[in-house]
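Hi there,

Here is the structure I promised to pass on to you. Have a look at it first, and then read my notes below.

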2 protein chains.
Amino acid sequence: MSTPENAQPGQRLTPRGAATRARILAAALELMYVKGVNATTLDDVRAASNTSKSQFYNHFPDKERLVREVVAARAAQILERERGNLERLKSFRGLVRWRDALVQRNALRNGAYGCALGSMASELADQDDQARATLAQSFVEWEGLLAAGLRRMRDDGVLSPDADPERLATGLMAALQGGYLLAETAHDIKPMEIALDMALDHVKSFLTT
Amino acid sequence: MSTPENAQPGQRLTPRGAATRARILAAALELMYVKGVNATTLDDVRAASNTSKSQFYNHFPDKERLVREVVAARAAQILERERGNLERLKSFRGLVRWRDALVQRNALRNGAYGCALGSMASELADQDDQARATLAQSFVEWEGLLAAGLRRMRDDGVLSPDADPERLATGLMAALQGGYLLAETAHDIKPMEIALDMALDHVKSFLTT
DNA sequence: ATCAATGGGGACCATATAGTCCATTCAGTG
DNA sequence: CACTGAATGGACTATATGGTCCCCATTGAT
């Protein structure tokens with residue numbers, strides 16, 4: 001049988017096959033970021049990954065599934081990165097470093113493409129409910145990393161007891177996402193800097209020292 | 001000649017023709033909002049507007065032009081509305097009313113589709129530079145309305161002299177757009193409320209009374 | 001009524017795109 | 001080496017989609 005009943009997990013997979021699958025996913029990850037999900041065709045992915053049609057359908061039942069795996073992979077990648085940036089957050093300076101890292105990364109492209117997660121959210125939220133759910137969950141986890149750091153700050157007495165970590169985290173995430181969007185549209189990261197700085201200023205108002 | 005040299009302005013246009021053009025644009029405006037720009041086909045527009053292919057190409061040279069007119073029309077519509085909501089802004093309570101109006105409107109759909117301008121910005125920014133420029137300009141004008149109101153508040157002594165109206169306006173817009181995105185993704189307007197409230201809290205910190 | 005110009009209906013075309021299928025090659029195991 | 005299942009190449013199909021074209025209808029002016 002050329003097309004496995006279940007093009008997903010299950011049956012055996014040689015290292016060679018696994019490498020092909022990884023190449024396809026990596027190409028799609030990149031293309032869907034820079035061109036957008038809907039504007040990326042399977043042929044684009046095929047060409048960029050140096051694979052053939054049959055290889056694609058050997059590993060993915062259809063395009064929708066590829067999209068969902070791309071969403072999941074991107075979410076995992078970003079959460080991994082953010083975990084590294086936030087798991088030891090415990091001071092306002094740490095929050096500033098977090099801000100700087102995001103701004104610098106986005107400055108490299110002058111804001112182009114926006115947030116890898118946010119742009120997919122905007123494109124898929126009203127089109128693929130499963131993808132939307134994954135994205136929503138990812139934002140929750142991302143905010144959770146921020147909230148955990150803010151909670152540590154509060155518990156350490158850095159932030160006042162009436163600071164609400166979850167609320168602040170949501171506000172920071174909104175400022176970040178809004179900043180990404182304005183920067184992408186303006187081709188200028190200034191709005192992103194302003195948005196984040198304003199959110200940080202708000203956090204600062206809860207500092208005890 | 002069936003297709004006018006210049007499918008845009010120029011040659012005569014009867015009321016009948018104008019009505020057809022308006023119907024096409026209105027249908028595209030709606031469809032591109034709920035389905036997204038790229039996911040809206042000319043056939044969708046044709047069906048929704050009860051027109052034929054030749055009618056479309058009588059009034060628009062191609063799809064790209066339609067998209068640009070949709071962007072311009074939406075921007076004009078939103079700026080018109082926001083002008084009404086902001087031109088007399090001169091108190092913090094006015095800002096709260098502005099927030100409430102946006103949240104309520106978005107709550108009707110539980111956040112679905114997001115901001116009509118923001119979602120197009122995300123989709124078109126890296127795809128159609130002319131559309132991107134129009135959208136960027138529209139955001140600037142929208143922020144300008146906010147900034148003008150904030151400046152009135154500062155000049156009236158409602159806000160402290162060190163409040164920066166432009167900065168605050170950009171921060172408010174980012175919070176709004178980020179809030180839209182998170183609400184759209186979560187299918188819950190709560191994040192939008194939190195984002196806007198946090199931005200308003202920041203403005204509040206500049207109140208003199 | 002006639003005529004010219006605008007508006008309209010819809011068949012038609014070229015291409016892009018998702019998806020199918022099968023013959024062939026490759027790699028591991030007896 | 002022979003065999004087997006996975007991996008691959010790539011032709012092929014069906015359909016969607018943007019865009020063209022031709023002819024007919026409507027309308028307003030003379």
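Which helix supplies the largest share of the surface near DNA strand C? That share comes from α3(B), with four residues. Helices here are DSSP runs (H or I, at least four residues), numbered from the N terminus.

Before going further, a word on how to read the model. It is a predicted one, where local features need pLDDT of at least 70, side-chain atom pairs count only at pLDDT 80 or more, and totals for chains, interfaces and linings use all residues. Residues are numbered from 1 along each chain as its sequence is written, while chains are lettered from A and ligands numbered from 1 in the order in which they are written.

Now back to DNA strand C. It is surrounded by 25 residues, where a residue is near a strand if its C-beta atom, placed from the backbone, lies within 6 Å of it. The closest are Leu42(A), Lys53(A), Gly17(B), Thr20(B) and Ser54(B). At least two residues each come from α2 (42-49) and α3 of chain A and from α1 (15-34) and α3 of chain B. By type, this surface has three nonpolar, 14 polar and eight charged residues. For these classes, Ala, Val, Leu, Ile, Met, Phe, Trp, Tyr, Cys and Pro count as nonpolar, Asp, Glu, Lys and Arg as charged, and the others, Gly among them, as polar.

Next comes DNA strand D, with 23 residues around it. Gly17(A), Thr20(A), Ser54(A), Thr41(B) and Leu42(B) come nearest. Here α3(A) gives the most, with four residues. The surface divides into three nonpolar, 13 polar and seven charged residues.

How do the two protein chains relate? Chain B can be laid on chain A with an RMSD of 0.0 Å, by a turn of 180° and a shift of 0.0 Å along the axis (a least-squares superposition on the C-alpha atoms of residues with pLDDT of at least 70 in both). The two copies are therefore related as by a two-fold rotation axis. In chain B, the residue closest to that axis is Gly178(B), its C-alpha at 1.9 Å.

Finally, the chains touch each other: 40 residues of chain B and 40 residues of chain A take part. Two residues count as in contact if their C-beta atoms, placed from the backbone, lie within 7 Å. On the side of chain B, α8(B) gives the most, with 15 residues. That side has 19 nonpolar, 15 polar and six charged residues.

Enjoy exploring!
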